[in-house]
Amino acid sequence: MNERAALARPPDATMAATDIVRCELCPRACRIAPGRRGDCRVRVNLDGRLAALTYGHPCAVHVDPIEKKPFYHVLPGAPVLSLATAGCNLHCRNCQNWEISQRDPEEVDAAALPPAEVAALARRESCPAVAYTYTEPLVFYEYTFDCCEHVRAAGLRNLAVTAGYLNEAPLRDLYRRLDAVKVDFKAMSESFYRDVCGATLRPVLRAMELARELVPWLEICHLVIPTLNDRDGDFAAVARWVAAHLGRDTPLHLSRFFPQYRMRHLPPTPATTLERARAIARAEGLRHIYVGNVAVEGGEDTVCPACGAALIRRSLYRVAENRLRSGACPDCGERIPGLWE
Amino acid sequence: MGMNRREFVGAASLAALGGALAVGAVRARRARAAPRAAVGAARYPGRVRPLAEIRRRSGVWAG
């Protein structure tokens, strides 16, 4: 058995006799009795063996533009086969996809789609990459892992969109099979992660550092929620950490919040707030800052940090113009980091 | 202070109703738990639909 089997083991000597299993996938370390599930709703103790109920059964399968993930420095304009299963190990009160992320597998419809067929489907749909997205791909770890193997063997790329709440060992194994990762960095605040997401900050910071080390490409998305993480100091803290730990060339997507799920009492993020956040991130040294989920002039465009020329113009997740030449600015020759081909 | 008959019957009915609800809750938990114990790694516990149907309905999800 490969390293994935090591994710489940008796937590200690006293529990070994009772068949209780501790899931070692994420920092929650759920202790799961036989027949019961972990906090993510997906991982179950079957007679002392940990299994993922949703393996091979995505509840969402769709071909999206890569800009919707969003990845702005990976294969611009490419269609991406995107999939997810039910469940999540975070419980964000603002979740946009709560109808699949905060549900048991029994509560959502799903298709039977084994990993080998994922790669074949991507090829049939002329998708150069597969994205594990919508919910939390690290929760359906074994499925993501096996899909990655097949997709890579088929000569396609693997992309993951994640909150980054996973233990280091399984994360390292999976990262080595990914070509690009987008991490949702909720806030530079332990209390935000605790109160809004039901999680903790430190593992997420580590997940982003590991992604920078092990994955060819990393982008960060930061959802700006009015009153919760929209002060100047909040923006500066996020941008400063990204610049210092992930590098100034790491794209930062500042995303507009819309009232959802258990956070319907807050208003959508004003465009002016996002523009202020972008100015602060730029002042902190980041070179590629995008504004999403809102119409802001040039907010989705990739701009040369050296000469200021617009290189890729986007509108509503579509590429309107791409002037990049072999990953460089055609005007001044500045190399723009990313996976362009 | 004693109860009159109507009060007693009402209280008894409520107790019975409470008991029935409690039993129902236990049964519901057991019923929900049963497929978990029965499911194998290759057997999905939920509703399996044709891939085309899932794809058609998946355009609404963010990310």
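How many bridges join strand 7 of chain A to strand 9 of chain A, and in which sense do the two run? The answer is 4 bridges, with the strands parallel. This is a predicted model, where local features need pLDDT of at least 70, side-chain atom pairs count only at pLDDT 80 or more, and totals for chains, interfaces and linings use all residues. Residues are numbered from 1 along each chain as its sequence is written, while chains are lettered from A and ligands numbered from 1 in the order in which they are written.

**The sheet**
- Chain A has an open sheet of 8 strands, ordered 6-7-9-10-11-12-13-14, with mixed pairing; strands are DSSP runs of E, at least two residues, and helices are runs of H or I, at least four, numbered from the N terminus.
- Strand 6 and strand 14 (289-292) of chain A are the edges, each pairing on one side only; to count as paired, two strands need at least two DSSP bridges between them.
- From one strand to the next, the twist averages 20 degrees.
- Within the strand 7 and strand 9 (residues 129-132) pairing of chain A, Leu83(A) has Tyr132(A) as its bridge partner.

**Two packed helices**
- Helix 3 (residues 115-124) and helix 4 (residues 141-153) of chain A pack at about 50 degrees, axes 8 Å apart; axes are lines fitted to C-alpha atoms over the stretch in contact, and angles run from 0 to 180 degrees between N-to-C directions.
- That angle makes helix 3 of chain A oblique to helix 4 of chain A (under 35 degrees is roughly parallel, over 145 roughly antiparallel, 65 to 115 roughly perpendicular, the rest oblique).
- Residues making the contact include Pro115(A) and Ala119(A) from helix 3, plus Tyr143(A) and Cys147(A) from helix 4; contact means C-beta atoms, placed from the backbone, within 7 Å.

**Where chain A meets chain B**
- Here 26 residues of chain A are in contact with 20 residues of chain B.
- Strand 6 of chain A gives the most to its side of this contact, with 3 residues.
- Strand 8 of chain A pairs with strand 1 (residues 47-48) of chain B in the parallel sense, over 2 bridges, and Ala110(A) stands opposite Val48(B).

**A buried lysine**
- Lys69(A) sits in the loop between strand 6 and strand 7 (79-84) of chain A.
- Lys69(A) is buried because 26 other C-beta atoms lie within 10 Å (20 or more is buried, 12 or fewer exposed, in between partly exposed).
- Beyond neighbours within four places in sequence, Lys69(A) has contacts including Leu159(A), Lys182(A) and, from the other chain, Gly63(B).
- Thr133(A) is 64 residues from Lys69(A) in sequence, but 7.7 Å away in space, C-alpha to C-alpha.

Technical notes. Two residues are in contact if their C-beta atoms, placed from the backbone, lie within 7 Å.
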